[in-house]
Amino acid sequence: MKKIINVLALVMVGMLASCNTDPGPDYYNNVPAIVHYDNSQQLFIKTSYGLFAAPELAGKYFIEGQCLWTSFIVDPDNQPSEGITTASSMQYIEVDHTAAEKVESLIDSYMDPIDDAVLYALTVGNTLFFGFEHQAPKGQIYDYEIIFNEEKVIDEDGVKTPILYIKALKRNVPSETTITTVGEFYAFDMTVLLDYMKAQNPTIGKIKLYLEYKTGVDTEGNDVYKKFHDYPVTWPLY
């Protein structure tokens, strides 16, 4: 059975990645991770904290690049292999992921509104993970996409900061109409955006971007978007 992180606990701690660095074992909580296999097919997870061997995930039939949202422990005094940092007490959920797209128009089939969303964005390599809460009917399931248009930017002191749009598509019609707070986890491969930004400025060391989501339409039928935050996500380039 797949080990599941307590989603309520994630919401209560703000879904922000953290690591305890007091003496003794290190506890890594709510850490986005990407599955990676080395040449010997040993399973590792890539995180913003580094690369960790994850033998407890062996046999789960993850593909290379599978995205996870994890919590785990690293005990520096109890490492099975020299030169390899091994994680234990793994908890995880599998995170759906897709690629960002550069588009000419924001109008497509992903047109369902997202209500009262709070976003927590974290990056690992070229992948943007987000966990967020929003209001939805109980049992409602969504697919998500993230798109950008090179004309949709905010000019900040002569620097063009792109706006990315997270959009939703309902996958089902829930049997209940009760509105509840839904916790979602998703990930996007942002290679197309990063390559575009680096082509615009080859010497750039990091990029900033704003994230918006659709909340509905106005009286004239135009889509209405809202920023998740007033400040941009900062992304170092490797």
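This text walks through a predicted model of one protein chain, from its overall make-up to single residues.

Residues are numbered from 1 along each chain as its sequence is written. In this predicted model, local features need pLDDT of at least 70, side-chain atom pairs count only at pLDDT 80 or more, and totals for chains, interfaces and linings use all residues, while side-chain values rest on heavy atoms, with hydrogens and water left out.

Start with confidence. The score is pLDDT, the predictor's confidence in each residue, from 0 to 100. The chain averages 83, and 89% of the residues score at least 70. Strand 3 (residues 43-47) has the highest confidence, at 95, while helix 1 (residues 7-12) has the lowest, at a mean of 38. Over residues 1-16 the pLDDT is below 50. That stretch still has 37 contacts in the model beyond near neighbours in sequence. A contact means heavy atoms within 4.5 Å. Where pLDDT is low, the predicted coordinates should not be read in detail.

Now the overall make-up. The chain has two helices and 16 strands. Both kinds of element are DSSP runs, numbered from the N terminus: helices are H or I with at least four residues, strands are E with at least two. Of the 238 residues, 42% are buried. Buried means under 20% relative accessible area, exposed means over 50%, and partly exposed lies in between (1.4 Å probe, protein chains only). The chain exposes about 12,800 Å², and carbon and sulfur atoms supply 50% of that area. Such areas come from the Shrake-Rupley method with a 1.4 Å probe; for residues, only the protein chains shown count as cover. Among contacts between residues at least 6 apart in sequence, 67% join residues at least 24 apart.

Next, look at strand 11 (142-156) and strand 12 (159-170). They run antiparallel and are joined by eleven bridges. Two strands count as paired if DSSP finds at least two bridges between them. Strands 11 and 12 form a hairpin with two residues between them. Asp157 sits in the turn, with a positive phi of about 55°. Further along the pair, Asp143 stands opposite Leu169 in strand 12. Strand 12 also pairs with strand 14, in the parallel sense, over four bridges. There, Leu164 has Leu211 in strand 14 as its bridge partner.

Helix 2 (residues 191-200) comes next. Which of its residues are buried? They are Leu193, Leu194, Tyr196 and Met197. These residues cover an arc of only 160° around the axis, so they lie on the same side of helix 2. The arc is taken from the directions from the helix axis to the C-beta atoms. The buried residues pack against strands 8, 11, 12, 14 and 16.

Side chains of opposite charge can pair when their charged atoms come close. A salt bridge here is a side-chain nitrogen of Lys or Arg within 4 Å of a carboxyl oxygen of Asp or Glu. The count comes to four salt bridges. One of them joins Glu150 to Lys102, with the closest N and O atoms 3.8 Å apart. Glu150 is in strand 11 and Lys102 in strand 8, 48 residues apart. Both ends are partly exposed: Glu150 at 43%, Lys102 at 36%.

Lys167 and Asp108 form another salt bridge, at 3.0 Å from N to O. Lys167 lies in strand 12, while Asp108 lies in the loop between strand 8 and strand 9, 59 residues apart. Lys167 is buried, at 1% relative accessibility. Asp108 is partly exposed, at 28%.

Arg171 and Asp143 also meet in a salt bridge, at 3.6 Å from N to O. Arg171 lies in the loop between strand 12 and strand 13, and Asp143 in strand 11, so the pair ties together parts 28 residues apart in sequence. Asp143 is partly exposed, at 22%.

Finally, some single residues. His36 lies in strand 2 (residues 26-37). His36 is partly exposed, at 25%. Leaving aside neighbours within four places in sequence, its contacts are Gln42, Leu43, Phe44, Lys46 and Glu64. Gln41 is found in the loop between strand 2 and strand 3. Gln41 is exposed, at 56%, and has a positive phi, near 70°. Ser89, in strand 6, also has a positive phi, of about 50°, although it is not a glycine.
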